[in-house]
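Hi,

Here is the structure I promised to pass on.

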Amino acid sequence: MPFYETVFIARQDLTEGQVKDLTKGFEDIIKKEGGKVTKTEQWGLRNLAYRINKSRKGHYTLIESDAPGDAIIEVERNLRLNEDVMRYMTIKLEELSDGPSVVMGGGRNNSDDDNEDNNSKKEAA
């Protein structure tokens, strides 16, 4: 089955518990349709780049899944119908990510790589 990554933004007036319940509902849809949820991350209440529905903030959530296309279509349909969800995006992945996402601080550390590159350039000169 293909891998998918879905990120959605929920309204700012929801509590953390309500956002978790919302996320669990979408996870249940994926499982019911024959998929498997591999990772879920709550990114918390973050500022939006621009206003959406007169809101300046939103609760961001990431769901990574190994699911058939029908499951993703059903999740997106429910995301579209849910009034608590302001925006969502689903992309198809080549492979699942290891560890936490970049937003949670899991990206590679470029400062170490830059230092090694600079040192090797100095030695070559």
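Predicted model: local features only at pLDDT ≥ 70, side-chain atom pairs only at ≥ 80, totals over all residues.

**Notes on the fold and its aromatic pairs**

Strands β2 and β3 (residues 55–66) are paired antiparallel, with 11 bridges between them. Two strands count as paired when DSSP finds at least two bridges between them, and the elements are DSSP runs numbered from the N terminus: helices are H or I with at least four residues, strands E with at least two.

Residues are numbered from 1 along each chain as its sequence is written, and side-chain values use heavy atoms, with hydrogens and water left out.

The sheet is open and has four strands, in the order β2-β3-β1-β4, with antiparallel pairing. Because β2 (36–52) and β4 (85–93) are at the edges with a single partner strand each, one side of each has no neighbour in the sheet. From one strand to the next, the twist averages 20°.

Helix α1 (residues 16–32) packs on this sheet and touches β1 (3–11), β2, β3 and β4, its direction making about 130° with that of β2. Contact here means heavy atoms within 4.5 Å; axes are lines fitted to C-alpha atoms, for helices over the stretch in contact, with angles from 0 to 180 degrees between N-to-C directions. Helix α2 (residues 69–81) lies across β1, β3 and β4, at about 165° to β4.

Within helix α1 you will find T23, which is buried at a relative accessible area of 2% (buried is under 20%, exposed over 50%, partly exposed in between, with a 1.4 Å probe and protein chains only). Leaving out residues up to four places away in sequence, T23 touches F8, T40, Q42, T61 and I63.

Now the rings: the whole structure holds two aromatic pairs (centres within 6.5 Å, using the six-membered ring of Trp; planes under 30 degrees apart are stacked, over 60 edge-to-face, the rest tilted). F8 and F26 are edge-to-face, 5.4 Å between centres and 75° between planes. This pair joins strand β1 to helix α1 across 18 residues. F8 is buried at 0% relative accessibility, and F26 is buried at 4%.

W43 and Y60 are stacked, because their centres lie 6.4 Å apart and their planes meet at 25°. W43 is in strand β2 and Y60 in strand β3, 17 residues apart.

Best wishes
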